[in-house]
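Here are my notes on the model, written to be read beside the coordinates.

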Amino acid sequence: MAEEIFINKKEDIIIPFDYIGDELWQNNTERIITALDELWSNDKANPIPIEEIQALELRLGASLPDTLKLFYQTFGIADIGEELQQFSDIDYIIKIWEPHPEYGPDFTAEDMTILPSLITFSEYLGNGNMFCFHKDTKEIYYFDHDSQPYITKLFNSFDDYLKGCLVFAQADLFGDVEQDLVEQWAEEIVCDLVGEDIVRKWMY
């Protein structure tokens with residue numbers, strides 16, 4: 001059983017790994033996900049067999065980022081504080097508006113250069129904003145339905161996205177201090193990891 005996590009000071013927040021695959025990543029990620037599952041009364045997600053991942057890649061005509069595949073094989077579609085999509089929902093984001101393009105966002109010319117290459121994999125708290133990976137570069141882009149440009153590159157890899165999610169999610173594991181304070185600490189840590197501009201776009 002994973003050791004419980006209680007955040008009472010900034011140093012209690014776990015930075016789970018430098019990169020997915022390093023010696024810390026699996027144990028620390030499991031510890032955080034297990035603590036969140038217990039807090040939210042989630043059933044533990046099942047690892048996804050490589051055959052299912054390969055079937056998804058065949059449907060997409062594109063490979064998933066290697067570290068995203070490793071995450072699925074290790075933890076499945078686990079709750080990371082944001083909503084990883086079920087495999088049946090993962091697709092090219094441009095297909096969302098194909099049936100009724102008149103209802104789609106007024107994408108800029110800059111958006112349109114990248115849009116056909118983006119494949120969704122995660123939703124930001126179910127509010128319509130989504131994270132995508134680029135089918136060729138595997139970089140992570142954010143679709144924000146509220147403001148132009150609607151498409152913004154946020155991370156070079158899935159590793160940085162997952163790391164940020166797992167740090168932010170630990171704000172729910174506050175101990176004898178106010179949750180607002182733990183949220184502030186988590187944001188400061190993620191700002192140090194990826195930069196204030198990225199956090200502002202992601203969270204605000």
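**Notes on the model**

1. Strand 2 and strand 3 form an antiparallel pair over 5 bridges; pairing requires at least two DSSP bridges between the strands. Thr-120 stands opposite Cys-132 of strand 3. Helices (H or I, at least four residues) and strands (E, at least two) are DSSP runs, numbered from the N terminus.

2. This is a predicted model, in which local features need pLDDT of at least 70 and side-chain atom pairs count only at pLDDT 80 or more, while totals for chains, interfaces and linings use all residues. Residues are numbered from 1 along each chain as its sequence is written, and side-chain values use heavy atoms, with hydrogens and water left out.

3. In strand 3 (residues 130-134), 5 of 5 residues are buried, meaning under 20% relative accessible area, with exposed over 50% and partly exposed in between (1.4 Å probe, protein chains only). Met-130, Cys-132 and His-134 point one way, and Phe-131 and Phe-133 the other.

4. Strand 3 also pairs with strand 4 (residues 140-143), antiparallel over 4 bridges. Phe-133 has Ile-140 as its bridge partner. The hairpin has 5 residues between these strands, and Lys-138 there has a positive phi near 70°.

5. Helix 2 (residues 50-60) buries Ile-53, Leu-56, Glu-57 and Leu-60. They lie on the same side of helix 2 because they cover an arc of only 100° around the axis, taken from the directions from the helix axis to the C-beta atoms. The face turned away from that buried side carries exposed Glu-51 and Leu-58.

6. The buried residues of helix 2 pack against helix 3 (66-75) and strand 2 (118-123), contact being heavy atoms within 4.5 Å. Gly-61, with a positive phi near 70°, follows helix 2.
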